[in-house]
Amino acid sequence: MKMRSVSLLLVVIMLVVSVVSACSNSSNEPGNSQSSSGNNQGKASDDGNKEEGEKELPLLEYTFLDTVHPTAPFGYNNPNDVVTPVVEEKFNIKVKDVIFSAGTSPVERINMLIAAGNLPDVVLADNPNLSVLYATGAFEDLTPYKDLLVNMDKFVSDTGWNMLTQDGKLIALPTNAMPDQSNPEVKALMEGDIHYRSPYAQNLFVREDILEKLGYRFKGVKELQVELDENPRQLTYEDLVLDPPVDTPEKFEKLLYDIKALDLKENGKSVIPLELPDWGAYHLSQIYAPTGGFYANPQSGEVSGWIHNPYMKDYYAKLRQWFKDGILDKDYLIQKPEQLQEKTASGRVAVTFFTPDWPGARGNMKAINPDYEMRPIPWPKSQYELETGNPSYIDAAYPAGFSNILIKKGFKDIERLLKYFDWFQTEEAMELTAWGPASAELYEEKDGKRIFKDEELLASLNGEVVEPGTRNAEYYGINNTSKAFLTAPATFYNNKLYRKSPPKFDAWGDLRIEAGKSKLSPDGTVLPSSGIESNKTSQYYWNTFRTTKTAQLLMTKDETQFNTMWDDLLTEFNEKGGYEAAIEEMKPFFKISLGK
């Protein structure tokens with residue numbers, strides 16, 4: 001009887017253990033794993049604490065290499081960081097060590113680390129170098145894990161994902177991506193947020209008083225500022241345009257020659273109709289050509305680049321004419337940045353798209369004459385666009401971000417790491433980085449609105465002038481300045497950040513965005529150098545053609561000599577710049593970016 005009682009007791013115990021075990025492992029079904037690679041990352045209080053009964057995951061650590069910044073920003077080692085401890089507690093994932101490029105190029109730095117056998121687990125690198133880095137064989141193919149990236153995918157366009165793909169493999173993760181407004185959900189977020197500002201490229205500026213002298217009608221910066229102060233809103237293209245419009249190369253050229261005809265003087269010196277920095281010819285070229293660098297025709301898929309792009313010869317011929325006629329500053333290729341700054345700040349520049357210090361230049365101009373203001377205007381349509389209907393662009397957009405994340409091959413728990421990285425695009429993550437955890441007690445509710453309690457923090461967020469060392473957002477590690485957020489894919493879009501109420505917008509700055517936002521290529525027709533050969537060609541342009549060869553073209557005595565010089569420089573660009581090899585290298589990338 002005793003033996004039967006013991007046996008029965010054992011059966012009961014085993015049944016109980018079996019039931020408990022089954023309950024504890026019920027979440028180990030496929031798609032709901034609680035193992036070290038599982039998805040136990042969505043349940044937490046505001047402070048990231050585990051809910052009662054939630055299984056603890058083992059500590060997962062990763063090392064991080066930042067090849068984009070030579071040294072560490074403050075947030076990587078901040079004793080006042082209120083965000084990182086909460087994220088670490090929530091996921092039991094920590095960054096073990098962070099190293100930087102130390103002034104070397106990303107390729108050099110990573111090759112050195114591979115050779116030494118101590119490549120970090122996660123690498124932040126610029127998009128143009130991704131293919132070269134992946135070719136080392138040191139990084140993971142992320143294609144099998146893409147379905148895990150549900151929050152990232154909401155914000156990243158097909159072109160963005162394509163720009164992270166090589167040979168059909170996803171080689172990197174997006175970070176700080178341009179929100180994909182072809183997604184209705186994302187578009188609604190953008191349109192519903194008057195604080196959202198699009199990424200933008202360089203734009204044209206013209207002195208307002210000169211435009212008025214020439215009879216152009218437009219909304220001045222002061223007038224628009226009054227409007228925004230009374231009724232905060234996003235500026236539109238209608239706020240930007242001139243009447244009559246300067247919307248073709250011919251009309252832009254007429255503006256320049258009309259300015260010269262005014263024969264304006266400032267402090268006894270002539271006003272320069274067109275000013276450029278020494279690198280400016282590349283950007284201005286899109287008034288005639290599709291772009292300055294690598295380009296693919298969206299219809300034919302034909303790839304070209306640099307001085308081989310359509311209408312580029314016409315552009316340099318026009319640049320030469322402007323140089324000869326005193327339209328373009330004679331010193332533009334040889335002057336230092338401080339000379340360029342002085343000319344703009346002293347009111348001697350009529351049209352430009354760059355000044356090293358805009359606040360300083362604008363302030364100095366107003367001190368000379370309160371009516372002096374450099375007003376943004378729209379870019380004219382290019383000759384290429386007028387002929388083909390295809391837009392021209394100044395720069396490649398980075399719909400998946402300019403910097404991206406690669407993961408070392410063989411990382412011990414890549415699935416769990418990717419789910420963690422995907423969390424940074426959730427509303428929970430955005431709320432945490434915007435306001436900090438509730439436990440930090442940085443904010444309170446007043447009159448139904450959330451407000452930061454720290455007066456120094458509030459002043460800095462409101463844009464007020466504050467003393468060095470003030471307790472600003474970086475002091476607390478909020479607004480994406482915490483170690484956790486700096487070592488993960490940067491938040492693509494966050495409308496939960498603190499906003500001053502009523503909002504105070506800058507008319508000049510918003511006009512500038514409106515003028516330049518159409519000049520970033522979102523359609524994959526413009527790409528950066530994406531390999532060893534294409535980088536050689538890019539370097540040849542910037543190191544040799546940009547100054548020496550451009551000067552030779554500008555100094556030709558007549559059209560015949562210009563034509564001969566152009567043909568010679570094309571041949572030299574092919575031979576010394578490795579142009580043909582670069583085009584062959586770029587073709588597969590354009591097939592991917594164009595979805596072909």
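Predicted model: local features only at pLDDT ≥ 70, side-chain atom pairs only at ≥ 80, totals over all residues.
**Reading helices, sheets and cores**

User: Glu455 is found in helix H19 (residues 455–461). Is Glu455 buried or exposed, and how are such terms to be read?

Analyst: Residues are numbered from 1 along each chain as its sequence is written, and side-chain values use heavy atoms, with hydrogens and water left out. Helices (H or I, at least four residues) and strands (E, at least two) are DSSP runs, numbered from the N terminus. Buried means under 20% relative accessible area, exposed over 50%, and partly exposed in between (1.4 Å probe, protein chains only). Glu455 has a relative accessible area of 58% and is therefore exposed. A distance of 34 Å separates its C-alpha atom from that of Thr236, 219 residues apart along the chain.

User: Which residues does Thr344 touch?

Analyst: Contact means heavy atoms within 4.5 Å. Thr344 belongs to helix H14 (residues 337–345) and is buried, because its relative accessible area is 1%. When residues up to four places away in sequence are not counted, Thr344 touches Val349, Thr355, Trp358, Ala361 and Met365.

User: How is a sheet described, and what is the strand order of the one that contains E9?

Analyst: Strands of a sheet pair through backbone hydrogen bonds, either parallel or antiparallel. Here, two strands pair if DSSP finds at least two bridges between them. The open sheet in question has four strands in the order E9-E12-E6-E13, and the pairing is mixed. From one strand to the next, the twist averages 25 degrees. Axes are lines fitted to C-alpha atoms, for helices over the stretch in contact, and angles run from 0 to 180 degrees between N-to-C directions.

User: How many bridges join E6 to E12, and how many join E6 to E13?

Analyst: Strand E6 (residues 204–207) runs antiparallel to strand E12 (residues 349–352), and two bridges join them. Val206 has Val351 as its bridge partner in E12. The pairing of E6 with E13 is also antiparallel and extends over four bridges, and Leu204 has Ile377 as its partner in E13. Within E13, Met374 and Pro376 point one way and Arg375 and Ile377 the other way, and all are buried.

User: Which strands make up the sheet that includes E15?

Analyst: The order is E2-E1-E3-E15, an open sheet of four strands with mixed pairing. Strand E2 (93–100) and strand E15 (403–407) are the edge strands, each pairing on one side only. Five bridges join strand E3 (residues 122–126) to E15 in the antiparallel sense, and Ala125 stands opposite Asn404.

User: At what angle do the axes of H11 and H13 cross?

Analyst: Two packed helices are described by the angle between their axes and the distance between the axes. The axes of helix H11 (residues 249–262) and helix H13 (residues 312–324) come within 12 Å and cross at roughly 10 degrees. Angles under 35 degrees count as roughly parallel, over 145 as roughly antiparallel, 65 to 115 as roughly perpendicular and the rest as oblique. H11 and H13 are therefore roughly parallel to each other. Phe252, Glu253, Leu256 and Tyr257 in H11 meet Lys318, Gln321 and Trp322 in H13.

User: Which residues of the largest nonpolar core touch the most other members?

Analyst: In soluble globular proteins, nonpolar side chains tend to be buried together. A nonpolar core is a set of buried Ala, Val, Leu, Ile, Met, Phe, Trp, Tyr and Cys residues joined through side-chain atoms within 4.5 Å. Of its 72 residues, Tyr62, Val87, Ile407, Tyr420 and Phe421 touch the most other members. Helix H17 (residues 414–423) supplies the largest share, six residues. Apart from this core lies another, of 68 residues, among them Val206 and Trp566.

User: How many residues of H22 are buried, and what covers them?

Analyst: Ten of the ten residues of helix H22 (residues 507–516) are buried, so H22 is largely enclosed by the rest of the structure. The covering elements include E6, E13 and helix H9 (221–230).
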